[in-house]
Amino acid sequence: MPTNPDPGQPHTADLVVFGGTGDLSMRKLIPALYHTDRDGRLSPETRVIAMSRGGLTDADFRGKVDAEVRDQVPIDDPELWRRFLGRLHHVSVDVGGEDRSGWKALAELLAGHEDRDRVYYLASPPRTFGPFCRELQEAGLVTPRSRVVLEKPLGHDLVSAQGINDEVGAIFDERQIFRIDHYLGKETVQNLLVLRFANAFLEPIWNSLWIDHVQITAAETVGTPGRRGYYDHAGALRDMVQNHLLQLLTLTAMEPPARNDRESIRDEKVKVLQALRPITGGEVDRFTVRGQYVAADGMPGYLDEPASTPTTEASRRVETFTAIRAEIKNWRWAGVPFYLRTGKRMPYRRSEIVVQFKDVPHSIFPGGSPNRLVLRLQPEDGIELHIMAKEPGAGEISLKPVPMALSFGKTFTTRVPEAYERLLTDVLAGNPTLFMRRDEVEAAWRWIDPILAAWKADPALPEPYPAGSTGPAAAHELLGRSGRTWHDGEDA
Ligand code: BG6
């Protein structure tokens, strides 16, 4: 792996973004790079080269960023903004076409800078990953100091993911491949590791003796306007569970790693994925739920959302909500269900991990409820431990669950960085810890595939749920069957 000549200084890099004028680039990557620059974590010579079919000049692209990104970021120093714009370049490329001039232009721009780190960020559809990597190699642009970043979705099933991994792996070594899952860049997700492994009190009780179950929820209020072309063939399971939710599950459930280095954490995560009990055939009905939102309270249903593609059978069959009861077959977690849930057009935007402890073995007070640890990723990063306290007053002791709360925003005066800032900084520094390794991605698909197959074979459509509700009734029954409920209440 390339090493930084001066470890105290940020690496100088050429960051080449395929899909560089697209939505992800304009909404996430460019603002994240600006923040990184503003915090002094971008070397002065680092350049950002956007690749697209757009036919833009450097000046056009800088103008576009000035117009579209300026309002998304704090510009307290116009000179810094001007210098940031100066880092930006644009190269037009004819994807899959005969015209080679774009590749030639890129080669010319990069020539003479072979000693720099080179990051090829593929913010483009997955079918382009293999072809782009081959083009880069043919143009002689893959140097030992090069890395490639792959955005999700990494395939639509195990076989297609293996195909992408093979194609990219034919050009880049695994140590040069950075598969991004932006959830891993979120502050609370990293804090989960610190909470578990830098504090002594949790680890002894982090197991089936003390924990009743775990809930991992990513609820969104947004629907899918304008995204139907993608979403009809993705659905909540591929879009959110295969990557984001399973990543949260692995970090919650993994064994303490020996070191905080590039492989130790990923080694432990992959063991969790491999220990997930497969949900197959007839069990899929019992352990999974799928729903699709329908119009309610003035909000459109999935099929009524504005779309650039026609409504098809795939649109009717796709799930916009899913809930799953997962089990991890190992010593630590035997008998502890991990409930996963995600949905569009839910009543609130909230991503969280809820660890529900068991009740006290013998209660001497009436009205208690078990402890609960909530790790919240969204809307605000924070950690809450719900403990039982006595309500003030004389007479009978009356219990009330109260949160001991840590809000990162309020506790630390430093700005909480966006997930992409952290991840881009790590890519530029060549640190892969927070990126998914090939075996992780494939182990996740191996667990997801049988669920997808069973859903496909089932003639039933997803259960409708009203837009703005907490999902279909079956999702509540999934927990209700064992006397549990989702963490949706007032204190949620
Ligand atoms: C993306 C999904 O990966 O994550 C989107 O494709 C989803 O459908 C988004 O809306 C959620 O990200 P966040 O950070 O807003 O929770």
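Biologist: How many Å separate the centres of domain 1 and domain 2, taken over C-alpha atoms?

Modeller: The centres of domain 1 and domain 2 are 33 Å apart, taken over C-alpha atoms. Before we go in, bear in mind that this is a predicted model, where local features need pLDDT of at least 70, side-chain atom pairs count only at pLDDT 80 or more, and totals for chains, interfaces and linings use all residues. Residue numbers start from 1 along each chain as its sequence is written.

Domain 1 covers 13-151 and domain 2 covers 184-480, with bounds that come from an automatic or database domain assignment. UniProt, in an unreviewed entry, puts "domain: Glucose-6-phosphate dehydrogenase C-terminal" at residues 193-487; its positions are in the numbering used here, feature names are shortened, and annotations may be inferred rather than shown by experiment. That span is 33% helix and 22% strand, and its end C-alpha atoms lie 22 Å apart. Helices (H or I, at least four residues) and strands (E, at least two) are DSSP runs, numbered from the N terminus.

Now the boundary itself: twelve residues of domain 1 touch nine of domain 2, where contact means C-beta atoms, placed from the backbone, within 7 Å. On the domain 1 side, α1, β4 (117-122) and β5 (146-150) each bring at least two residues. The largest share, six residues, is from α1. By class, that side has six nonpolar, two polar and four charged residues. Here Ala, Val, Leu, Ile, Met, Phe, Trp, Tyr, Cys and Pro are nonpolar, Asp, Glu, Lys and Arg are charged, and the others, Gly among them, are polar.

The axes of α1 (residues 23-38) and α2 (residues 58-69) come within 11 Å and cross at roughly 100 degrees; axes are lines fitted to C-alpha atoms, for helices over the stretch in contact, with angles from 0 to 180 degrees between N-to-C directions. So α1 is roughly perpendicular to α2, a label for angles of 65 to 115 degrees (under 35 is roughly parallel, over 145 roughly antiparallel, the rest oblique). M26, I30 and P31 of α1 meet V65, E68 and V69 of α2, giving five nonpolar, no polar and one charged residues.

β5 leads on to another detail. P153 sits in the loop between β5 and α6 (158-169), and the K152 to P153 peptide bond is cis, with omega near 0 degrees. Another cis bond, omega about 0 degrees, joins Q378 and P379, and P379 is in the loop between β12 (372-378) and β13 (382-390). Most peptide bonds, for context, are trans.

Q378 also turns up around the ligand, together with A218, E220, D239 and S351; a residue is near a molecule or strand if its C-beta atom, placed from the backbone, lies within 6 Å of it. That shell has one nonpolar, two polar and two charged residues.

Definitions and conventions: Two residues are in contact if their C-beta atoms, placed from the backbone, lie within 7 Å.
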